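Colleague: Let's go through this model term by term. I want each label set against its cut-off.

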Amino acid sequence: MAVRGRDAREGRPRLPRRAAGLVLAVLLTASACSAPADADTSLTVREIDATLERRAAAVLARDPAGYLDALAPDAAKLRAAQRTELANLADVPLKSWSYEVKGITEEDGDWATAEVELRYRIDGYDTAPVAARRTLELMRDGERWYVSADRPAKGASDQLWHQGEVEVVRGAHSLVLGVGRPEEELRQIADTVDLAVPAVSDAWPQPWARRVVVHVPDSVESMAGLLGSPETSYRGIAAVTTGEAGTTGERPALADRVIVNPQAYASLGSFGQRVVLTHETTHVATRTSTSAATPVWLSEGFADWAAYRGEDRTPDLIAPELTGAVRAGDVPAGLPDDKDFGFDGDPAELARAYESAWMACELIAERWGKEKLTAFYAAVGAHPGRDGAVEQAMGSVLDTTPEQFTADWRDYLSTRLG
């Protein structure tokens, strides 16, 4: 860890040292000269926890003064930004809001940098929290720590309220949170999700919350900011679902968010919009049965199967890219790999991957039945790892092998699309 002198702290807000702080420092020095090094770190974490607990309580109480009280008094820009962020959250129905210090990455006297996990739940919608990693810089005055900087952790991203005032539209099964979008657009999205939820429940009869939270940022650039990826990855993508697959130990999967690309979504007709939001709602419903063992072709194919099953469209219209390839004699040799679903590749190849996955799930539903398809999905997700997951589930649920299934699927493509 680099040692920073007084000059290195220029530009940071400063607090005047108080007598109480000096007395405390003397006492700590006198009593801790032989203590292990991690004793100071544990004390720092507990003190920072106390500051963040007050901050969390102020968020839930909608208390700007209490929220700002956790910030360094001289940090004028930070205080202005945090005041705005709290105001942006005003209409969001929060059930919980908490912080957990994951570690102190740097400490130098009265200065520290902490890696923190923010967790929050939306009242009436989240049965588990959303987690966001933050990096906080803090300064101590006396017995209290104050936040002097707050930013996303490395590799993490901001939240919707960092982008502007959040407008809230409620549906029967949906909560749509938008920034910079017309209210009628948010209402239309809520209505479409409300239609999607019962359709998904019919396709996936296993228990799930049957409530969906949708984020609608003001642009594809803002969407990319929420996802922490380049905007070029999402220009043609109407919506994505974020979340944590399956369970980790004793805690449940974290809550999902459907994030809409307003430009791409608006370019779709009502049919396309309905399919997109039903597809994403399926990901929300199946999340706890989706794990690292689940290949992308199964998760995406099942979501498309659920989205299209109630629509009156022929396979060649649903899968135009794959139809063209099959009719040209280019029948895929095998099911698509995970890498074939990357958003940064050739759009035609991406479309063929999705269409191939949909046809695989369509084949299972047609030949073995809907119940077998959902049982197969659940069995794959319950496997302890990717290796052998599909093979075991195909044997136990469908009484077939991957090799035989692939051959049947290729024949199915030729019959339905050729």
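Modeller: I start inside. V92, Y120, I122, L160, W161, V166, L177 and H215 line the second largest cavity. The model is predicted, so local features need pLDDT of at least 70 and side-chain atom pairs pLDDT 80 or more, while totals for chains, interfaces and linings use all residues. Residues are numbered from 1 along each chain as its sequence is written, and side-chain values use heavy atoms, without hydrogens or water.

Colleague: What makes a residue part of a lining, and what makes a space a cavity?

Modeller: A lining residue has an atom within 4 Å of a point of the space. The points sit on a 1 Å grid over the protein atoms alone, and in a cavity a 1.4 Å probe fits but cannot get out.

Colleague: How many cavities reach 30 Å³ or more?

Modeller: Two cavities do. Volume here is the space filled by probe spheres set on the points, which are joined across faces, edges and corners.

Colleague: What is the class make-up of the second largest cavity's lining?

Modeller: Seven nonpolar, one polar and no charged residues. Ala, Val, Leu, Ile, Met, Phe, Trp, Tyr, Cys and Pro count as nonpolar, Asp, Glu, Lys and Arg as charged, and the others, Gly among them, as polar.

Colleague: Which residues lie nearest the centre of the largest cavity?

Modeller: Y67, W97, Y99, W161 and H162, out of 13 lining residues. By class, that lining has seven nonpolar, two polar and four charged residues. α4 and β1 (94-108) each supply at least two of its residues. α4 gives the most, with three.

Colleague: What makes α4 a helix, and how does its span compare with the expected value?

Modeller: A helix is a DSSP run of H or I with at least four residues, a strand a run of E with at least two, and both are numbered from the N terminus. α4 (residues 76-88) has 13 residues. Its first and last C-alpha atoms are 18 Å apart, close to the expected 18 Å. The expected span is 1.5 Å times one less than the number of residues.

Colleague: Which residues of α4 are buried?

Modeller: L78, Q82, E85, L86 and N88. They share one side of α4, because they cover an arc of only 150° around the axis. The arc is taken from the directions from the helix axis to the C-beta atoms. An α-helix has 3.6 residues a turn, so residues three or four places apart point the same way. On the other side of α4, A76 and K77 are exposed. Buried means under 20% relative accessible area, exposed over 50%, partly exposed in between, with a 1.4 Å probe and protein chains only.

Colleague: Why is R210 called partly exposed?

Modeller: Its relative accessibility is 37%, which falls between 20% and 50%. R210 sits in the loop between α5 (183-203) and β7 (212-216). Its phi is positive, near 60°, and R210 is not a glycine.

Colleague: Is D399 buried or exposed?

Modeller: D399 is exposed, because its relative accessible area is 70% and the cut-off is over 50%. D399 lies in the loop between α14 (389-398) and α15 (402-417). Its phi is also positive, about 55°, although it is not a glycine.

How values were computed:
1 Å grid on protein atoms, 1.4 Å probe; cavity = no way out; pocket = protein on both sides within 12 Å on 5 of 7 lines; lining within 4 Å.
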